[in-house]
Amino acid sequence: MLKFNCPHCHAALKVPDSKVGIEQPCPSCREIVKAPIPFGMESLDDFLQSCQQEHQQFLGQPREVEVVPVEPVEETISTESKLLKGLREFGWWVSIIVVALVIHTAIMQVYIKFTIKRELNDAAQDVQDQLNSIFQ
Ligand SMILES: [Zn+2]
């Protein structure tokens with residue numbers, strides 16, 4: 001962070017180091033303020049200025065620009081993400097149904113085991129009663 005005061009309204013300002021030497025409107029008075037170059041980094045300012053000059057020269061040169069028809073990229077992306085979202089939701093439902101089926105099967109197994117055991121016991125008791133009545 002670099003701290004300095006606005007030369008117009010003297011408001012205390014700070015900018016990240018990456019924005020040193022960059023001109024921006026002061027948030028307090030809206031005047032264009034250049035974030036100062038810290039001591040020892042003046043060569044960076046020269047470098048930035050030469051870059052800006054080169055950029056201006058480049059902008060001044062006539063260039064051939066190929067005009068490419070713009071395709072509705074946003075639309076495809078949004079339908080694609082909708083599809084992905086739908087697939088993910090579908091996956092969640094499938095997982096929930098599978099888990100529910102597994103739990104249901106486990107419960108049914110326990111239930112059937114105990115029911116059969118009880119019925120077998122009842123049947124055995126019946127046979128025992130009948131045998132008892134025959135051999136009395
Ligand atoms: Zn200001």
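The model is predicted: local features need pLDDT of at least 70, side-chain atom pairs count only at pLDDT 80 or more, and totals for chains, interfaces and linings use all residues. Residues are numbered from 1 along each chain as its sequence is written. The chain has 2 helices and 4 strands. Its radius of gyration is 41 Å, whereas a compact globule of 136 residues would have one near 14 Å. Of the 136 residues, 1% count as buried.

**Elements of the chain**

- Helices (H or I, at least four residues) and strands (E, at least two) are DSSP runs, numbered from the N terminus.
- Read from the N terminus, the order of elements is β-β-β-β-α-α.
- Helix α2 covers residues 73-134.
- Strand β3 covers 23-25 and strand β4 covers 32-34, with a loop between them.

- Two strands pair if DSSP finds at least two bridges between them.
- Strand β1 (residues 2-5) and strand β2 (residues 12-15) are joined by 4 bridges and run antiparallel.
- Leu-2 stands opposite Val-15 in β2.
- Asn-5 has Ala-12 in β2 as its bridge partner.
- The two strands, β1 and β2, form a hairpin with 6 residues between them.

**Overall dimensions**

- The radius of gyration is taken over C-alpha atoms, and the globule rule is 2.2 Å times the number of residues to the power 0.38.
- The C-alpha trace spans about 120 × 45 × 30 Å along its principal axes.
- Two residues are in contact if their C-beta atoms, placed from the backbone, lie within 7 Å.
- Among contacts with a separation of 6 or more, 14% come from residues 24 or more positions apart.

**Domains**

- Domain bounds come from an automatic or database domain assignment.
- Domain 1 is 2-60 and domain 2 is 92-136.
- The C-alpha centres of domain 1 and domain 2 lie 83 Å apart.

**Loop residues with positive phi**

- A residue is buried if 20 or more other C-beta atoms lie within 10 Å of its own, exposed if 12 or fewer, and partly exposed in between; C-beta atoms are placed from the backbone.
- His-10 sits in the loop between β1 and β2.
- Phi of His-10 is near 65 degrees, a positive value in a residue other than glycine.
- His-10 counts as exposed because it has 10 C-beta neighbours inside 10 Å.
- Arg-30 lies in the loop between β3 and β4.
- Phi of Arg-30 is near 70 degrees, again a positive value in a residue other than glycine.
- Arg-30 has 10 C-beta neighbours inside 10 Å, so Arg-30 counts as exposed.

**Residues in helix α2**

- Leu-84 is in helix α2, and it counts as exposed because 10 C-beta neighbours lie inside 10 Å.
- Leu-84 and Val-99 are 15 residues apart along the chain, and their C-alpha atoms are separated by 23 Å.
- Lys-85 is found in helix α2, and it counts as exposed, with 10 C-beta neighbours inside 10 Å.
- From Lys-85 to Pro-38, the sequence separation is 47 residues and the C-alpha to C-alpha distance is 50 Å.
- Ile-116 also has its place in helix α2, and it is exposed because 10 other C-beta atoms lie within 10 Å.
- Ile-116 and Leu-44 are 72 residues apart along the chain, with 88 Å between their C-alpha atoms.
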